[in-house]
Amino acid sequence: MPLTTVAEGRVYDWSHAVGRNAARGPGFNYVQSMCLAKDGILFATNRGNENNFGMHVNKVRIGGPGEEEHLADFCEYGEGDGKCIWPFGVAVDGNDHVYVSDDWQNTISVFDSSGNFQRKWGKTGSGDGELMHPAGLAVEKNGNIIVVDSGNNRLQVFTPDGRFVGKCGHGGSGDGEFNQPWGITLDKEGNIYVADWKNHRVQKLSPEGKFLMKFGQYGSVEEPEGSYPVTTFGPYVMSGSETAGYPKPGMLNHPTDVAVDPDGDIYVTDWGNHRVCVFDSEGNPICNLIGDAQVLSKWGQQTVDANPDMAKARRRVRSLEPQYRLCFPTSVEFDPATDSVIVADSQRNRLQIYKKVRDYSDFQANL
Amino acid sequence: MAYQDDIALMAHLMRRAGFGAGREELEARVAKGYEATVEELLDPETQPPVDAYTLLRYQPASLLPGGQPPMGNVNWMYYLVNTKRPLEEKMALFWHHVFATGNSKVDNYDQLLQQIELFRENGMGNYRELLVKVAKNPTMIFWLDNQQNHGTAVNENWGRELLELFSLGAGNYTEKDVRECSRAFTGWTFETKIPRAPYGRFPWRFEYRPEDHDDGEKEFLGHKGRFNGEDIIDIVVQQPACGKFICRHLYNFFVADEPQVPAWPIEAPQDQKAIDTLVGAFRDAKFDMKPVLRTLFNSDFFKNARFKHMKSPAEVVASTLRMVGGHELPKPGYGELSMQPTYMGQDLLNPPSVEGWHTGKEWINSGSLMARINFVAEKVGDTSLPGVRAIIDRIKTKGSVSPEQLVDDCLDLIGPVEVGADTKQELTSQAKEWGQISWGNGNADVADQRVGQMLQLIAATREYQFG
Amino acid sequence: MPETQTAQKDPVIVVLQLTGGNDYLNTVIPYNNPLYRDNRKAVGIPDNQIMHLDKDYGIPHYMAPMKQFWDDGKLAILHGVGWKDSPRSHFRAMDIWHTCEPVKVGTEGWLGRVAREFDPKKENVVTTVSFGPSLPRSLAVAGVPVACVAGPLERYGFLPTIQGQQRKQVLERFAAMYQPAIGTGPVMDYMADTGIDSLKGEDILKVAPQKYSSTVEYPNTPIARKLKGIAQVHLADLGSRIFYCDHSTFDTHAGQNPGHQNLWTAVTQGVDAFMRDLREHDHADNVVLLMFSEFGRRVRDNGSGTDHGAGGVAFVLGEKVTGGHYGEMPSLKPEHLVQGDLNPNMDFRSVYTTILDKWLKLNPAPIVNGTFEQPAFLH
């Protein structure tokens with residue numbers, strides 16, 4: 001089970017995992033989306049559940065292996081100012097303000113970088129400036145906020161204080177049309193990439209919202225004979241094969257998010273296929289990252305240390321490979337400062353981090 | 001009148017083979033025909049499956065819900081409310097009644113849901129194959145301790161329940177058969193599972209350990225051989241008692257309430273001929289469930305059994321939510337909604353014991369009666385819900401209705417429901433208090449409310465508790 | 001006359017279930033034990049936030065009302081409760097507490113059996129009143145009625161969404177519709193009886209909030225609302241003997257310190273108001289309150305919370321309780337831990353046995369399925 005993925009002039013080397021299953025404090029609780037701020041700080045929205053009500057946003061410093069640090073929980077479950085029922089999208093602007101969309105209350109709440117509530121806006125509906133199940137958020141260079149208005153199958157642009165600026169798209173499967181889109185990202189030219197969830201594709205739009213390109217088509221796999229189904233809906237782990245339990249490159253099953261690196265390579269969380277698909281800037285598939293968390297995160301290790309029966313059981317299992325793999329990844333970010341691909345591994349309540357290695361020199365075959 | 005009777009019969013079929021249907025759906029199905037509807041129900045693949053991805057987008061925690069409610073209940077409730085394959089889901093519920101496995105011991109809704117998925121996929125297939133799959137189902141193995149059933153030390157829990165509760169019924173085997181049956185299942189266990197900490201749960205996997213299997217000769221129900229588990233199942237399904245037992249379960253679940261299972265060895269079925277008919281179909285089809293169900297739904301004894309079955313809490317909740325509408329997408333509060341059957345005495349995925357739930361009149365006690373009436377009343381009284389609006393809109397087309405018409409229309413559109421003369425008189429007396437109901441002259445709100453209140457009162461009747 | 005009436009009042013048991021597995025070590029803190037600090041680096045209660053009960057044990061400051069009960073000698077602390085081979089599963093463990101059946105899956109609840117003893121002919125439909133939407137297994141025995149109050153007591157009853165003028169009329173219709181009629185068969189008759197019984201329960205319980213007046217103000221928390229409901233029914237003298245309520249969730253895997261604080265603040269403030277209320281009405285003497293949780297938590301914290309453990313703590317509180325420590329805290333030494341957990345040294349059925357024998361005056365063995373030692377917190 002290699003930790004390094006090599007393909008067409010690119011090398012991705014698994015670095016480490018961050019997080020564990022926790023309703024609050026150090027850990028995650030079903031991350032729906034995340035965004036990177038300065039200095040390796042990351043904000044993540046957690047969906048929680050109706051038992052622990054762990055819905056919240058957390059602020060985490062990723063650091064290197066073993067350096068993860070929990071900085072704050074905010075935007076907890078509730079209806080008043082500074083609270084969310086279902087926090088979903090998150091983005092940070094140039095003033096370090098954090099924008100959070102609420103999938104249920106159809107609002108956008110704004111916090112400072114410590115999580116102090118600033119203001120909120122948004123109301124339910126389908127008219128201009130009205131929202132229905134808002135999902136991903138992105139901040140334009142001019143400071144305006146693009147909201148993936150998922151229930152209305154469109155994008156809407158707002159000023160930072162919530163004034164409607166513009167919109168594009170509507171329901172459908174044609175070019176520039178959407179079906180319950182989820183995540184969004186901008187490249188350095190300001191082009192817009194949207195994970196068009198129910199259309200199983202990514203669309204690229206110009207900064208003005210004009211359709212430029214689409215890529216990805218629906219594909220999934222049946223449970224292969226003899227595999228280990230991690231859940232009823234996969235992933236299907238076939239020991240000794242990195243491809244057997246996954247569809248061909250370029251196939252997508254309910255993609256949730258997109259990231260673009262400075263070279264123009266595009267990363268898509270292929271949620272239903274439990275992987276990150278890497279595409280070149282033209283939308284040609286390059287390779288897939290399926291999760292390689294062979295080493296526990298710092299917090300994960302703490303949990304195991306506190307629970308001797310878990311530690312014991314881990315030493316008895318036939319293979320821990322199912323635990324290495326991504327399970328419904330929801331969000332992806334690229335950190336140019338560290339050349340890292342950061343993946344929110346939603347069902348496993350952790351992040352998996354890969355380094356894009358630029359100066360990789362191959363070793364001698366006869367080592 | 002004949003058309004009205006077709007509607008009533010179709011409503012009966014949809015209540016039993018599914019979780020009810022609104023008036024529009026009933027009309028469409030009547031147009032299609034009764035037998036054609038039965039065929040559609042028996043062929044679930046012709047309808048799209050439930051969109052689990054939408055559930056997981058909104059409620060990701062319902063995939064691997066762990067040991068605490070309500071996220072496991074949320075998962076199943078979403079299927080119950082949304083399925084377009086009602087009989088598939090109803091059969092999953094049926095087998096959950098029979099192969100009752102509970103979270104109280106398993107502590108793992110993930111595994112219980114996976115077992116329900118097994119019932120969904122195989123519930124209308126071959127009963128022999130289903131038994132084999134259940135015997136290999138790690139959740140069942142743990143529930144009945146078969147991982148502790150060793151070649152050197154037999155644990156009879158699974159072996160006994162296989163015969164008593166899952167296939168033959170008490171009185172159709174000896175203690176020696178239990179012993180021999182259990183020996184045959186030694187070595188049927190599961191792999192050590194990846195523990196839940198720190199990244200959440202992973203599934204169990206069946207494992208057969210030949211070195212732990214007692215390969216010696218067994219004598220079971222008159223047969224002799226070095227039987228393994230599947231051989232035992234082959235012998236079991238051939239027993240005349242097996243067909244009788246399973247078909248009586250089907251009758252009790254789909255046709256009319258029978259006494260509780262422990263009484264079956266003593267009390268004869270209320271309709272022996274019906275059971276014989278089903279048993280014949282079961283045998284002829286070599287234990288395929290579909291032909292048995294086809295026989296059942298097309299039989300006169302089924303068609304004549306309207307309202308002879310006390311609705312289970314799962315049926316009450318699922319059929320109410322499907323009727324009133326507006327609960328298709330997961331939303332905050334779905335957890336509480338999905339616990340409603342629990343409050344009425346049927347904690348789905350957590351039956352009180354391996355004997356499953358006592359059904360029929362035993363669903364009713366003072367607490368559960370109040371819980372079920374209040375739940376249904378709250379929903380049917382909410383005139384903003386689309387299904388309630390649809391009922392109101394149909395009545396509204398008349399512009400104005402008399403008290404008698406209001407009662408008749410409400411009874412018709414919420415069912416049709418048949419009530420006794422005394423009940424009807426009380427409903428009518430109440431409607432008379434309100435007088436003529438009219439939607440004109442700014443009275444629409446009051447009129448809507450009156451319909452809602454009449455529906456609530458109907459939901460509170462004894463008759464409405466039957467389906 | 002009032003005084004003798006009080007003296008003769010039937011004993012009442014109130015159970016407050018701490019659902020989710022309360023962390024024993026942060027509830028009754030062995031503050032001098034260095035192993036406590038070693039194991040509780042993230043969730044240990046700082047010294048300046050511990051209220052000392054005596055030279056060995058303290059409680060966190062957020063359980064302050066308990067200190068008064070302790071000082072008054074009315075709080076019994078039962079150490080190390082649980083049982084051998086306690087499972088770390090919420091459900092299984094809770095089920096065992098409810099049914100007194102640690103080996104097989106039990107079907108009868110211990111308090112359901114108590115109710116059957118109290119009222120074998122089911123003459124009082126409110127002998128047992130449970131505050132919460134679902135019936136706890138400890139109350140479940142076939143044929144034993146339980147009044148389950150899901151929401152506010154004021155709204156207990158059929159068709160709560162119909163209020164105002166309509167309500168009386170509609171409920172009269174309901175009663176009329178549930179009159180047994182000739183020739184409708186045994187099931188319809190049974191339903192008629194059940195419906196009328198429930199209506200009766202509604203009529204009886206409706207009186208309680210109407211009769212109630214008090215100077216005591218309860219905090220605005222779910223558990224305080226439930227306890228207030230219990231006080232209202234108890235003060236109305238309706239013959240209720242068993243009350244049940246719960247608070248959750250004590251399942252503090254993460255962010256334990258703020259969480260545990262919120263939970264116990266709510267519980268102890270609610271209990272404090274409840275006991276003051278009963279005393280104000282001279283109705284405290286015949287009430288004993290039991291608080292228990294299905295298990296304690298891991299000795300070593302996980303960096304933010306604690307995971308499922310074994311041995312736990314129970315509390316019994318009341319005017320007639322002999323306060324003090326009962327049993328002793330199991331050793332925290334690594335060599336004495338079982339899978340990282342405190343090894344229970346008091347069987348939970350001992351707690352029930354004392355309550356049954358000394359308070360409710362019932363033969364404990366058939367109710368708890370065996371004979372157990374009796375810690376002497378009641379006489």
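**Exercise 1. Find where pLDDT stays under 50 in chain C of this predicted model, and decide how to read that part.**

Step 1. Residues 1-7 of chain C stay under 50 in pLDDT. Step 2. For this stretch, the model has one contact beyond four places in sequence. Step 3. Where pLDDT is low, the predicted coordinates should not be read in detail. Step 4. Now take the chain as a whole. Chain C averages a pLDDT of 93, and 98% of the residues score at least 70. Step 5. For the complex, the predictor gives an ipTM of 0.97 and a pTM of 0.93.

**Exercise 2. Describe the size of the interface between chain C and chain A.**

Step 1. Count the residues in contact: chain C gives eleven and chain A gives 14. Step 2. Take the area buried between the two chains, about 990 Å². Step 3. Step 4. Look at the side of chain C. Arg298(C), Asn302(C) and Gln339(C) lose the most area to chain A, together 41% of what that side buries.

**Exercise 3. Identify the salt bridge between chain C and chain A, and the residues that form it.**

Step 1. The count between these chains is one salt bridge. Step 2. Its partners are the side chains of Arg298(C) and Asp309(A). Step 3. Check the distance from N to O: 2.8 Å, against a cut-off of 4 Å. Step 4. Step 5. Sort the side of chain C that touches chain A by class: six polar, four charged and one nonpolar.

Notes
Residues are numbered from 1 along each chain as its sequence is written. Chains are lettered from A and ligands numbered from 1 in the order in which they are written. This is a predicted model: local features need pLDDT of at least 70, side-chain atom pairs count only at pLDDT 80 or more; totals for chains, interfaces and linings use all residues. Side-chain values use heavy atoms; hydrogens and water are left out. Contact means heavy atoms within 4.5 Å. Buried area is the accessible area (1.4 Å probe) that two parts lose on being put together, summed over both. Ala, Val, Leu, Ile, Met, Phe, Trp, Tyr, Cys and Pro count as nonpolar, Asp, Glu, Lys and Arg as charged, and the others, Gly among them, as polar. pLDDT is the predictor's confidence in each residue, from 0 to 100.
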